Amino acid sequence: MPNPVFRFATVSGQSIHWFLRRNCSITPSQLGWAYASLCVVSLGIAGVFWLQGAKLVLPFAWLELAAVGLAFMFYARHATDGERIALQDGRLVIEHEHGGSVERAEFLRHQVRVEPQVSDRSLIEVSAQGRSVCVGRYVRPELRAALAREIRSALRET
């Protein structure tokens, strides 16, 4: 059997994997370092003003850093969100990670149906055995139809 070329998937041996992730400009560890440097600079400046007699600058700096820290924590919690789809050993396994929790669905390859929910730009519904899972959250809407065709093709060929 020829080895098919996929746009979204990686092929390793007899298995095919799709890793669909959120587009992150900064990793959680990089974000931690950026926040630490922001704290040093902001608290340093506030400390200088506090020593000069402006006593309210330091509490407001702490309040500002707490608000920024909460926003950064929310971002970092969802920075690794994504979907993993694997086709191996006659099974299609879909894992969706959201905020640190993972939902997993497993289907027999020969029973799977792959189709858009409403239109070609909507999420892709993968269904079998009375269950369904939506995938494609982290793919641009105009590319979801191509992803669905690729998954269908992989299901037929393996």
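Hi everyone. Let me start with a definition: two rings of Phe, Tyr or Trp, taking the six-membered ring for Trp, count as a pair if their centres lie within 6.5 Å. With that in hand, and keeping in mind that what we have here is a predicted model, how many aromatic pairs does a search of the whole structure find? The search turns up two.

Let me show you one of them. The ring centres of Tyr-35 and Phe-72 are 5.8 Å apart, and their planes meet at 75°. Planes over 60 degrees apart count as edge-to-face, so at 75° that is what we call this pair. Tyr-35 belongs to helix α1, residues 28–51, while Phe-72 belongs to helix α2, residues 57–78.

While we are on rings, have a look at Trp-50. Lys-55 lies over the face of that ring, 4.3 Å from its centre.

Now let's step back to the whole chain. There are three helices and eight strands, and along the sequence they run β-β-α-α-β-β-β-β-β-β-α. The radius of gyration is 23 Å, well over the 15 Å that the globule rule gives for 158 residues, so the chain is more spread out than a compact globule. You can see this in the C-alpha trace too, which spans about 75 × 30 × 25 Å along its principal axes. Of the 158 residues, 37% are buried. And if we take contacts between residues at least 6 apart in sequence, 46% of them join residues at least 24 apart.

So what sits inside? The largest nonpolar core has 28 residues, and Trp-18 and Val-126 touch the most other members. Several elements each supply at least two residues of this core, among them β2 (15–21), β3 (82–88), β7 (124–128) and α3 (144–157). Helix α3 gives the largest share, six residues. If you click on Trp-18, you will find it touching residues from well along the chain, including Phe-8, Ile-85, Leu-87, Leu-147 and Ile-151.

Next, a residue I would like you to find: His-96, in strand β4, residues 91–98. Is His-96 buried or exposed? With a relative accessibility of 12%, His-96 counts as buried. Its contacts beyond four places in sequence include Gly-82, Glu-83, Ser-101, Arg-137 and Tyr-138. Arg-21 is 75 residues away from His-96 along the chain, yet their C-alpha atoms are separated by 9.9 Å.

A quick word on cysteines. A disulfide is a covalent bond between the sulfur atoms of two cysteines. This structure holds zero of them. Cys-24 is partly exposed at 29% relative accessibility, whereas Cys-39 is buried at 17%.

Last stop: two loops, each with a backbone angle to look at. Asp-89, in the loop between β3 and β4, has a positive phi of about 50° although it is not a glycine. Asp-89 is exposed, with a relative accessible area of 75%. Gln-129, in the loop between β7 and β8, also has a positive phi, near 55°, without being a glycine. Gln-129 is partly exposed, at 42%.

Conventions:
Residues numbered from 1 in each chain as written. Predicted model: local features only at pLDDT ≥ 70, side-chain atom pairs only at ≥ 80, totals over all residues. Heavy atoms only, no water. Phe/Tyr/Trp six-rings, centres within 6.5 Å; stacked < 30°, edge-to-face > 60°. Helix = DSSP H or I, 4+ residues; strand = E, 2+ residues; numbered from the N terminus. Lys NZ or Arg CZ within 6 Å of the ring centre and 35° of its normal. Disulfide = S-S within 2.5 Å. Buried < 20%, exposed > 50% of the residue type's maximum accessible area, 1.4 Å probe, protein only. Contact = heavy atoms within 4.5 Å. Core = buried A, V, L, I, M, F, W, Y, C linked by side-chain atoms within 4.5 Å. Rg over C-alpha atoms; globule rule 2.2 N^0.38 Å.
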